[in-house]
Amino acid sequence: MKKSLIISALLAGAVAFAGFAQDAGSEQGQKNYKYPFQESKVSYRSVQVYKVLDQKDAYIVMYAKGHRDVGQVSIPKKWYSTDGNKQTKLQFRPLSKGIQPYMSVFSRDGNFDHVVLTMPTSRQESAWGVAASGTQVDDADKDTLVVEY
């Protein structure tokens, strides 16, 4: 008798709790719909990187453009900072095993914000290279990045 009474009380408590939780959930769900949807101001595009050449003033990135073409863009070295607290225009991210190097270009309100190169950490990998000593980069002082996709 005591067992059936305890089981009945527990079952009634569980049903009451489930009903209360459903009411609270539906109220919270209604609150979420009162606010309009806000689109993010930040967007990005990623492209596969074939090779990054290290030059005196910039990194020269060769990337996949379209389906068959190779694009090239230079990224000034002055955009990179080793200070972790400083917001920089160039960031490096270590490449995970099993994927190809890639570059992500971030825009805020349609204007260039920063670029992230996801590359192997070892400069001995084939994705890294050194530009010829006579290679000149004319736009090493630029403030924006234009990538043709």
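This is a predicted model: local features need pLDDT of at least 70, side-chain atom pairs count only at pLDDT 80 or more; totals for chains, interfaces and linings use all residues.
Local features were taken at pLDDT of at least 70 and side-chain atom pairs at pLDDT 80 or more, while totals for chains, interfaces and linings use all residues. Residues are numbered from 1 along each chain as its sequence is written, and side-chain values use heavy atoms, with hydrogens and water left out.

The protein chain has 1 helix and 7 strands, in the order α-β-β-β-β-β-β-β along the sequence; these are DSSP runs numbered from the N terminus (helices H or I, at least four residues; strands E, at least two). Of its 149 residues, 28% are buried, meaning under 20% relative accessible area, with exposed over 50% and partly exposed in between (1.4 Å probe, protein chains only).

On to the rings: there are 6 aromatic pairs, that is, Phe, Tyr or Trp (six-membered ring) with centres within 6.5 Å; planes under 30 degrees apart count as stacked, over 60 as edge-to-face and the rest as tilted. Tyr80 and Phe92 make an edge-to-face pair, at 5.3 Å centre to centre and 75 degrees between the planes. The pair ties together distant parts of the chain, 12 residues apart: Tyr80 is in the loop between strand 3 (69–76) and strand 4 (90–94), and Phe92 is in strand 4. Tyr80 is partly exposed at 35% relative accessible area, and Phe92 is partly exposed at 27%.

Elsewhere, Arg45 lies over the face of Tyr149, 3.8 Å from the ring centre.

Terms used
A charge sits over a ring if NZ of Lys or CZ of Arg is within 6 Å of the ring centre and within 35 degrees of the ring normal.
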